[in-house]
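Please look at the sequence and the structure before working through each solution.

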Amino acid sequence: MRFVLTGDSDCPIARLSLNRGESVKIESGAMVYSRGVEISGGLNTKKKGIGGVFSAIGRSLTSGESMFITTATGSVDNGEIAIAPAIPGKIVSLQADDQHQYRLNTGAFLACDETLAYTMVNQGISKAIFGGTGGLFVMETNGYGTVLVSAFGDILSLDVTPGNPVTIDNEHVVAWDASLEYHIEVASGMFGFTTGEGVVNSFSGTGRVYIQTRNLRSLAQAMYPYLPTSAN
């Protein structure tokens, strides 16, 4: 994937270059503008017919991802499409290869190479109940190429080693190496009521976790008292 990040460093857009016939997959609704690029949309599944419709609906309900996926294909050489995430924050690129595949939190995916596929991996009932990382399933990359992920605020990386595990607030997790073991659990007390913390992810093994510096849920809760309410 050939791209540059432009605009404000805190709220960039990604400008992707496409020659004729080259394609990338982008998050539905992420396009800002395009030149010499054809846009096509479809259900977010490989199945055909009515089975594909139910598959896309099921994936949306169980994973929190969009029912649809958008493909941008260059119609001329030096075509360009600019994309941006729905919330303000940084964009980073991750390289998937034989040594590294990634799992992405809900809302983190922005775009990826056509050569890079992804599957929905069952993370277990206990993690789905307590987690916000995609419900019953999380997105896992498969193949080779670049994936662009976005976050609310800045994106930082934390290295995990066998002797140095890390516990992260669930709302701050963006992506992590698929090779890592992780467990979703209550931070402390009665669902964190006594400490102010809620659900956390504990990562162990060898790999890297990408976190966002801001918490969208906390922002929404902080703003709630100031939002107008309808009169009875």
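**Exercise 1.** In which sense do strand β2 and strand β7 pair, and over how many bridges?

*Solution.* This is a predicted model, in which local features need pLDDT of at least 70, side-chain atom pairs count only at pLDDT 80 or more, and totals for chains, interfaces and linings use all residues. Residues are numbered from 1 along each chain as its sequence is written, and side-chain values use heavy atoms, with hydrogens and water left out. Strands here are DSSP runs of E with at least two residues, numbered from the N terminus, and two of them pair if DSSP finds at least two bridges between them. Strand β2 covers residues 13-18 and strand β7 covers residues 79-83, and the two pair in the antiparallel sense over five bridges. Within this pairing, Leu16 stands opposite Ile81 in β7.

**Exercise 2.** Describe the open sheet of three strands, and explain why one side of β15 and of β17 is left without a neighbour.

*Solution.* The order is β15-β18-β17, and the pairing is antiparallel. Because β15 (166-169) and β17 (181-186) stand at the edges with a single partner strand each, one side of each has no neighbour in the sheet. β15 pairs with strand β18 (residues 199-204) over four bridges in the antiparallel sense, and Ile168 stands opposite Asn201 in β18.
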